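Subject: Structure for you to look at

Hello,

Here is the structure for you to open. My notes on it follow below.

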Amino acid sequence: MKETELSEIATHVPTIEYDFSVKEALKVFDEYGIYDILVVVKDKKPIGVVSKKELLMAQHRSDLRVGDIAYSLPKVKSFRSSLDKLGGLFDFFTFSKKPLVVVNKDGTYAGLIFYHVLLHYFSNVKETVYPIFQKLRKYLGEGGYFYSFQLKEAKRFKEQMGTARLESLYKLLLENVKDQIEEGDAFLSIEEGEVYALSHTRVEENRIKLIMEEFHKEFSLLYAEAKPVHILGFCVELKNVKNYEELFSVIAELKGRLRSVSDISFFIYHGIQPSVVVCEYRGKEYINRVVEKIKHDFSQIIWKIRHTEKEMWEYTLYEMFKTYPYFEIFYIISEMGIQISNNVINPRIKYPVKTGRKGADRTEKPYYKLAKEGEIYISDIYISQATDDFCITLSSKFRYGDKAYILAGDINYTEVHKLVKSYSAG
């Protein structure tokens, strides 16, 4: 998403020198005409603002300077930011709609940020960049529910695991939201780190808890060694919200509440009977059972290959999709790290898959380096070259005749989601 310099959306209200008398200041107001306030500066740095009304009340005081009656405003250094960071400026307007003073890096005056200007910019860009905000407009004052889901500890996870893996988590979150909010639209904003949803009907609290629980199961499966990442968010009932100004005000209030609570995942309903959904995550015993199921299935596939003639391996792997449909691709690698089979692709797949061919060098891949006979390696989540999407790979070394080979199988992240969900139901 295109970034914007804060000073670019600031209004450059004219300045007046700190040492001007009240009468001199009133003349400046008359020259500019349309302005109700002016920014008071000293050495080009803003001290505060002064209004024409205050000057008129003090015009009988010849001893006063403009700087004596100027009142200060919060200052913000200009920064280049995407829309999500700009949205944080609404926090400054929670209790007061007075403007913010924007300064350059050297502290000199750059302009004022007015609430209504920020709101106009923010809502227009939201509608342009995120289609769900276009649909949201017709809900305002009419009915329906707006949901926002975020990931707590996302910054820490990104520093530990990288941007691509964080993106995979947001996609998992999106899948869970779609599962539980069936009568509505869901949209992922990677830039803002949020999943938005619109629904005509209120989602029951037990479904919100399911979103949290299912995500946590999948996270524990994919990143067992990483520190946990939790879901938080809120719901706004749109019947009582008449316009974007009210909506962004409510959002700023709710995000403030979320930041004030630590070590807990919860979901706030706003505008209806307020309630909080707290999710107590289950232990990892369940995840261990899911991992064991995947490993067991893979070992069965290896057993089948070992007891099939080599010329029939690709056909046999193709048949395995009937029994183990959550796998995406199978391929076989020689002991020297060279792929000796074509990619055997699940026929159920509807998305494009690049055809991996015999002769591809896999020697630098972890699923080759870490594959051992009698053990099954499960990779971290990564972006597949075949699908350009997130997946995990299982691999294991096996012997056929007097030679060793490695079987590798990919599982797409969406199939991980479905697998965890179906296995839980079972």
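Arg-65 and Asp-68 meet through their side chains in a salt bridge, with 3.9 Å from N to O. This is a predicted model, so please read every distance and angle below as computed from predicted coordinates. Arg-65 has a relative accessibility of 34% and therefore counts as partly exposed. Asp-68 is also in the partly exposed class, because its relative accessible area is 40%. In total, the structure holds 14 salt bridges.

The side chain of Glu-5 meets that of Arg-80 at 3.6 Å, N to O. This pair links distant parts of the chain: Glu-5 belongs to strand 1 (residues 4-5) and Arg-80 to strand 6 (residues 80-81), 75 residues apart. Glu-8 also forms a salt bridge with Arg-80, and here the closest N and O atoms are 3.8 Å apart. Again the link is between distant parts of the chain, since Glu-8 sits in the loop between strand 1 and strand 2, 72 residues from Arg-80 in strand 6. Taken together, Glu-5, Glu-8 and Arg-80 are linked in a network of salt bridges.

How exposed are Glu-8 and Arg-80? Glu-8, at 55% relative accessibility, counts as exposed, because the cut-off for that class is over 50%. Arg-80 has a relative accessible area of 45% and so is partly exposed.

Strand 2 and strand 3 (residues 37-42) run parallel and are joined by 3 bridges. Thr-15 has Val-39 in strand 3 as its bridge partner.

Aromatic residues come next. A search of the whole structure finds 18 aromatic pairs. One of them is Tyr-32 with Tyr-35, an edge-to-face pair with 6.1 Å from centre to centre and 90 degrees between the planes. The label edge-to-face applies because the angle of 90 degrees is over 60. Tyr-32 is partly exposed, at 39% relative accessibility, and Tyr-35 is partly exposed too, with a relative accessible area of 25%.

Finally, two charged side chains are placed over rings. Where is the charged end of Lys-42? The charged end of Lys-42 sits over the ring of Tyr-18, 4.8 Å from the ring's centre. Arg-362 lies over the face of Tyr-331, and the distance to the ring centre is 5.9 Å.

- the salt-bridge network of Glu-5, Glu-8 and Arg-80
- the edge-to-face pair of Tyr-32 and Tyr-35
- Lys-42 over the ring of Tyr-18, and Arg-362 over the face of Tyr-331

Regards

Conventions: Residues are numbered from 1 along each chain as its sequence is written. This is a predicted model: local features need pLDDT of at least 70, side-chain atom pairs count only at pLDDT 80 or more; totals for chains, interfaces and linings use all residues. Side-chain values use heavy atoms; hydrogens and water are left out. Two strands pair if DSSP finds at least two bridges between them. Helices (H or I, at least four residues) and strands (E, at least two) are DSSP runs, numbered from the N terminus. Rings of Phe, Tyr and Trp (its six-membered ring) pair if their centres lie within 6.5 Å; planes under 30 degrees apart count as stacked, over 60 as edge-to-face and the rest as tilted. Buried means under 20% relative accessible area, exposed over 50%, partly exposed in between (1.4 Å probe, protein chains only). A charge sits over a ring if NZ of Lys or CZ of Arg is within 6 Å of the ring centre and within 35 degrees of the ring normal. A salt bridge is a side-chain nitrogen of Lys or Arg within 4 Å of a carboxyl oxygen of Asp or Glu.
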